[in-house]
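Reader: I would like to learn how to read a structure feature by feature. Please take the general idea first and the case at hand second.

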Amino acid sequence: MNLLTDAWIPIQQQGKIQKLTLQHLLCNEQTGELCLPRDDMELACLQLLCAMTQVLFTPEDKKALGQRIRQPLTEIGYQQAIEEKQGWFDLNHSETPFMQIRGVKATAATELDKLLAGVADGTNKAFMNPFGLGEALCGGCSAIALFNVANNAPSMGGGFKGSLRGSTPITLIIKGKSLRQTIWLNVLSEKSAKSMMPWYQETCSQVPNYLEPISAGSKIPASQIGLNRGLLWQPAHFELLPPEKEGRCSCCGCSGEVYTGFNKAKFNYTVEGIWPHPLSARVFKIKKGEKEEKFPSFTTTAPTWTHLARLVVDQQNAKEGHQAAPVLQQAKTFMASDKIQLIVGGYRNNQATVLERRHELFSLAQGWAQHGVVIQQIITDALAYKTALRKAFYLFAVGIKDKVHGAGVNLCDVVESNYFQQSENVLHTSLASVNFSQPDHALRQQNSQLKRLAMDLFEQFTEPYRQEPKMLKALALARRSLHKSLKELEPEGAES
Ligand SMILES: [Zn+2]
């Protein structure tokens, strides 16, 4: 099973799913979208396709990239590019199997469902996993699962190293008009790669670490990891057991050769510093003149839009800041006057346990590249209405010491989660339709909807307590607080 030549990419077209080769995908104007039963596997598949295309066909500059985005590759061009890298992408290669190390010594084999983040960690059933998912996987799904665990999921815990980006980074992918375009929009030109990693040139001929393994206990500066090596970084030692000849893939459903287990072994080393990933924003703090960087991740239940400014906007003050993903920096140079669609995904975890997975699509209206301040404003305003609501419910619960007796019922979290659920569409609409050079109208519209939502939620959640004489003072206090906060959020001179 070779990812360069076999048909492993599941595409849905007119209700039917068929598997395509990478060559077919890149050399034709293929329609249809990726289709796998789990959204995280779908995102990982897309990410793998971007990484492979980057590694095989890094365009020289913006012009060459533009050409790629517009026109499919030629079959000869494809064949030439893959010639030397056949041994990188073969799942069963006798010496250098894709994302694996030969000869991993384990006391017992691990079932393959351990490779599907969140399926076999025992505690996590917050999202649906079809029964039996992960028992056996076809070659394509096994490759995607290996890549996903190496890049996006928390490590296996207990001494197993996690991805170069930390345990559960947020991944951002620019969506094009077709899958082929999407892939190219997330490939960096050499020029962009150099500005992302100044060590690009001297490391560009490196091979992945499953071809040239790192030694145990070594300390590796991130600045010695080249683009190809980093994109295909395997942090752990895994080896799939030889496939069984006949079976049904419990992820994509296809019949044929399936894998049912793998060996894993602990392996320790340290990567020093942050390896800049093309599909990730970075946040930083400045301490003693030095930048301390990390990759943002979903650490709370707050929805994805609350993170959008730091994923999309570059900003820095004396103490901290954030920088958009390199593919987005690159897109700013040629997509600034277009709308842009962004796929944002990642897991939320508690150590090795996956609590939640996200895979969402955002549209940003044209002007997104120059008007980061407006994106920030849209989000800040929406969060301010949430804060007003929380504050009111906090006062309702605890009252004011020696003056107003609190109701003793804390509804802050449940009200917040209702606010987030019900404001989601408002935010998507604002971001997709705002006139960035004259945003006042869109902001007013958004904020009046959010104000109405805040008032409705207040009434809805305090309703059961209105007949409780002991709570009336707390209720009045909370209501006054909400109205005061909402008034403060009105723009100067607006009618209330
Ligand atoms: Zn499969």
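Reader: Which residue is the bridge partner of Gln12 in S3?

Author: Keep in mind that this is a predicted model. As a general idea, strands of a sheet pair through backbone hydrogen bonds, either parallel or antiparallel. Here the partner of Gln12 in S3 is Glu33. S1 pairs with strand S3 (residues 33–34) in the antiparallel sense, over two bridges.

Reader: Which residue of S2 stands opposite Gln12?

Author: Ile17 in S2 stands opposite Gln12. The pairing of strand S1 (residues 9–13) with strand S2 (residues 16–20) is antiparallel and has five bridges. Two residues lie between the strands in this hairpin, and Gln14 takes a positive phi near 45° there.

Reader: Now a sheet. In what order do the three strands of the open sheet come?

Author: The order is S4-S11-S8, with antiparallel pairing. Strand S4 (110–111) and strand S8 (237–240) are the edge strands, each pairing on one side only. S4 pairs with strand S11 (residues 261–265) over two bridges, in the antiparallel sense. In that pairing Thr110 is opposite Phe262 of S11. S8 and S11 also run antiparallel and are joined by four bridges. The bridge partner of Glu239 in S11 is Asn263.

Reader: Are the residues on the two faces of S8 buried or exposed?

Author: The general idea is that in a regular strand the side chains alternate between the two faces of the sheet. In S8, His237 and Glu239 are on one side, Phe238 and Leu240 are on the other, and all are buried. Both faces of S8 are therefore covered.

Reader: Next, the metal. Which residues are the protein donors of the zinc ion?

Author: The donors are the SG atoms of Cys138, Cys141, Cys249 and Cys252, at 2.3 to 2.4 Å from the zinc ion. For the geometry, ideal angles at a metal are 109.5 degrees for four tetrahedral donors, and 90 or 180 degrees for six octahedral ones. The angles among the four donor atoms of the zinc ion are 106 to 114°, and the site is tetrahedral.

Reader: What spacing do the donors of the zinc ion follow along the chain?

Author: The spacing is C-x2-C-x107-C-x2-C. Cys138 in strand S5 (residues 137–138) and Cys249 in the loop between strand S9 (244–248) and strand S10 (255–259) are 111 residues apart, and the pair links distant parts of the chain. Cys138 and Cys249 are both buried. Cys141 is buried too, with a relative accessible area of 2%.

Reader: How many disulfides does the count give?

Author: A disulfide is a covalent bond between the sulfur atoms of two cysteines. The count here comes to zero. Cys412 is a further cysteine to look at, and it counts as buried at 3% relative accessibility.

Reader: Last, the nonpolar core. How many residues does the largest nonpolar core have?

Author: In soluble globular proteins, nonpolar side chains tend to be buried together. The largest nonpolar core here has 153 residues, and those with the most contacts inside it are Phe98, Leu115, Val312, Trp368 and Phe396. Helix H2 (residues 39–57) gives the most to this core, 13 residues. The core lies between domain 1 (9–272) and domain 2 (372–489), because both give residues to it.

Reader: How far apart do the C-alpha centres of domain 1 and domain 2 lie?

Author: These two centres are 43 Å apart.

Methods: Residues are numbered from 1 along each chain as its sequence is written. This is a predicted model: local features need pLDDT of at least 70, side-chain atom pairs count only at pLDDT 80 or more; totals for chains, interfaces and linings use all residues. Side-chain values use heavy atoms; hydrogens and water are left out. Donors are N, O and S atoms within 2.8 Å of the metal (3.2 Å for Na, K and Ca); water is not among the atoms, so sites may look incomplete. Four donors count as tetrahedral if all angles lie between 85 and 135 degrees; four count as square planar and six as octahedral if opposite donors are over 155 degrees apart and all others between 65 and 115; anything else is irregular. Buried means under 20% relative accessible area, exposed over 50%, partly exposed in between (1.4 Å probe, protein chains only). Two strands pair if DSSP finds at least two bridges between them. Domain bounds come from an automatic or database domain assignment. A disulfide is a pair of cysteine sulfur atoms within 2.5 Å. A nonpolar core is a set of buried Ala, Val, Leu, Ile, Met, Phe, Trp, Tyr and Cys residues joined through side-chain atoms within 4.5 Å.
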